[in-house]
Amino acid sequence: MASRLPRLRSSSPTMPAQSTTSLKRKAIAEEDEEEHDQPRKLPAVGVTGPIRPPKPLQTNRTATNLSKSSSNVPKSLTVPRAPNLTTRPTGIRGTSAPPSQPSVPNRPTASRTAATGGRVAASRSVSGSSRPAPGRGGDDKRFADFQAKLDSLESAQAAEAARFDSERTKVLELQENQKAMSQQLAAAKDLELKGRAELNIASDEIANLKKKHARETTDLEIDLQKKDRLLREANEDLRICRSDLERERETVSSLKATLSQQSNAQLTLTTENQSLQAQNTALRTEVDAYSRKVSELNLLLESAERRAAELRGEAMESEAVRRKLHNMVQELKGNIRVFCRVRPVLSSDASNYGPGSASGSGSGSNSPVPASAEDLEAMKAEMSFPDRRDHKEIVLRSSSESATGQERVENYNFSFDRVFEPDCTQAEVFEEISMLSQSCIDGYNVCIFAYGQTGSGKSFTMEGGLTETTQGMIPRAVEKVFRVAEDLKSKGWEYKIEGQFLEIYNETINDLLGKGDFDKKKHDIKHDPKTGSTRVTDLTVMPLQSPSQVRSLLAVAQSRRSVAATLMNERSSRSHSVFTLRISGTNASTGENCEGCLNLVDLAGSERINVSFGNGFGTGGSSNDKDRLKETQSINRSLSALGDVIAALGEKGEKSDKHIPYRNSKLTYLLQNSLSGNSKTLMVLNLSPLAAHLNESLTSLRFATKASVSHLL
Ligand SMILES: Nc1ncnc2c1ncn2[C@@H]1O[C@H](COP(=O)(O)OP(=O)(O)OP(=O)(O)O)[C@@H](O)[C@H]1O
């Protein structure tokens, strides 16, 4: 750069370096002033070209500046002032003299002449105009002073003259300097012009560079903003990375801890593994031995399975044979059988029918009387069971007084398929019945009736008590059915068991498992002649999975009957209840199907109409209660119809075209399919042991005998 600046030559010894520097500064200052007026042109970054030259120095100013700025330049010469001599003795008025003209360097002689002339004039003036002082001593003194002053002035003039000469010499030197400076100035002007041209080019370059720079600056700013954004994002990423890193560090530390634990565990496991491998080797040896045994056993098993299959086939055949034989046995025993069961005397009988009871033959007192063994024995009817081996006979002995007053004793012998004495248990009764459950599973329809007067033990026989020993025929038969069905699974049989429970009251069917009110909903009986099945409309039929489910159904039925009962009408005594189990079985192996039906019927009390009115049996009370009369007539009619149907079925064995009056009652019509054909029917006649019920017992025995005898015909 410095090399491009015009150099001021300092060849003149009178031009000191400081003056040159001042000139340079001056030029730069002027240039700066111009630059203020013009757009500033900056050199492009990295440009190594020539720097703008300094402004050329102005000639007219240069001399002045040189004289002003350089302290070393000699000041302009002035003509020395002549002393202002006046005539007044008070003093010289040098200051009032006209100012001397500035001396011009090229006219030093004139100045000096003027100065000399002035001094001469002053001398003349002093000598010519001076007047003698009023005193001689004063004038001499003033003259001496004046002479002294004149001498000093002359010496000063001489010094001034010497100084003038030196100044003139300097002026000459300065003129030469000026000449040299003018040449330099001309050269500098050329240089300046060149510099200006270069400066303009540089200015254009600078303008272009500025524009470029502005664009680049804008780009850079955008870039910078982008980078700022990227930086912020990077910072955010960095922060997330740091937090991730922190978490990772924590994870790593926890993993390290886990790893160390796992390493320990692995060591332990390795040890265990080694011991287990040893055990494994030993076990493999054992397994090999067992495998050999297993293959041997498999061979045995295969032969056993073959044998089992053969046996299964035989079992199925034998099952079919068993069914046939079982049915033959049942037929031999009779498709219609009658059992007679006498209940024991109860302690409650003493208060109801004993000497002190209202219904008894005693005083008629209603107060409860504690029953002694003798009293209970005295209440018994005379009954005997002569057939000790087969238990098929019952003999009732009645003693009455004849018209002549003689005691008349009559024996009534009755014979049935089985007679159960008062001490017989529920289990013993069921033993005789259970075969019928098997028949039902084999696909036969079975009806078991409990017949007898009120209080004779029908419900006890059919439903029984809550304990295992006292439970009746229904729960036992159900259990047997489920047990046999389970056993027959091994022979390929699968059974579906359903249950329904209804009552027939005044020839109206009520659903004992339903939810509606009694005697309001109408249920109709539908027979399917093709399948031989019977269906009651709108009746609840429950799928049964277990015997316990049946027990809860019986409880539901009992509670519904209790709700429907009135004080005047103990419903369970005055209606027939029919519990039906529907059993359908299929055998996938043989392709056989079977459908059986087990009906367990608790009949209404069979007492005669005149007996059923009043407080108890045997009192012969009467009533105008038409409803009760209708109820009793309905019971008697239906029981009579049942007897007729059973009798007709017994006779049908001989005459196949015998009409069976099923439609005479709802009960017989309902049970039509379960009474006809190969169906099995059992009637259990329940008898009261009391003497008070002897006549009713005889009536029941005659009814049952009719059914039993007809079967024997
Ligand atoms: N074999 C028996 N052993 C013990 N108690 C019995 C026996 N038979 C019946 N009883 C009892 O006799 C009473 C009357 O029996 P149950 O109620 O069964 O007669 P029922 O004929 O069903 O009368 P209802 O027609 O009124 O229902 C009951 O208390 C019952 O427990």
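Student: What makes α8 stand out in the shell around the ligand?

Tutor: Helix α8 gives the largest share of that shell, three residues. Helices here are DSSP runs of H or I with at least four residues, strands are runs of E with at least two, and both are numbered from the N terminus. Bear in mind that this is a predicted model, where local features need pLDDT of at least 70, side-chain atom pairs count only at pLDDT 80 or more, and totals for chains, interfaces and linings use all residues. Residues are numbered from 1 along each chain as its sequence is written.

Student: Why is glycine 457 called buried?

Tutor: A residue is buried if 20 or more other C-beta atoms, placed from the backbone, lie within 10 Å of its own, exposed if 12 or fewer, and partly exposed in between. Glycine 457 has 23 such atoms within 10 Å, so it is buried. Its place is the loop between β6 (445-452) and α8.

Student: And is serine 459 buried or partly exposed?

Tutor: Serine 459 has 18 other C-beta atoms within 10 Å, so it is partly exposed. This serine sits in helix α8.

Student: Which strands form the open sheet?

Tutor: The order is β2-β3-β4, with antiparallel pairing. Two strands pair if DSSP finds at least two bridges between them, and three bridges join β2 to β3 (residues 393-401).

Student: Why is one side of β2 and of β4 left without a neighbour in the sheet?

Tutor: β2 (382-384) and β4 (407-415) stand at the edges, each with a single partner strand, so one side of each has no neighbour there.
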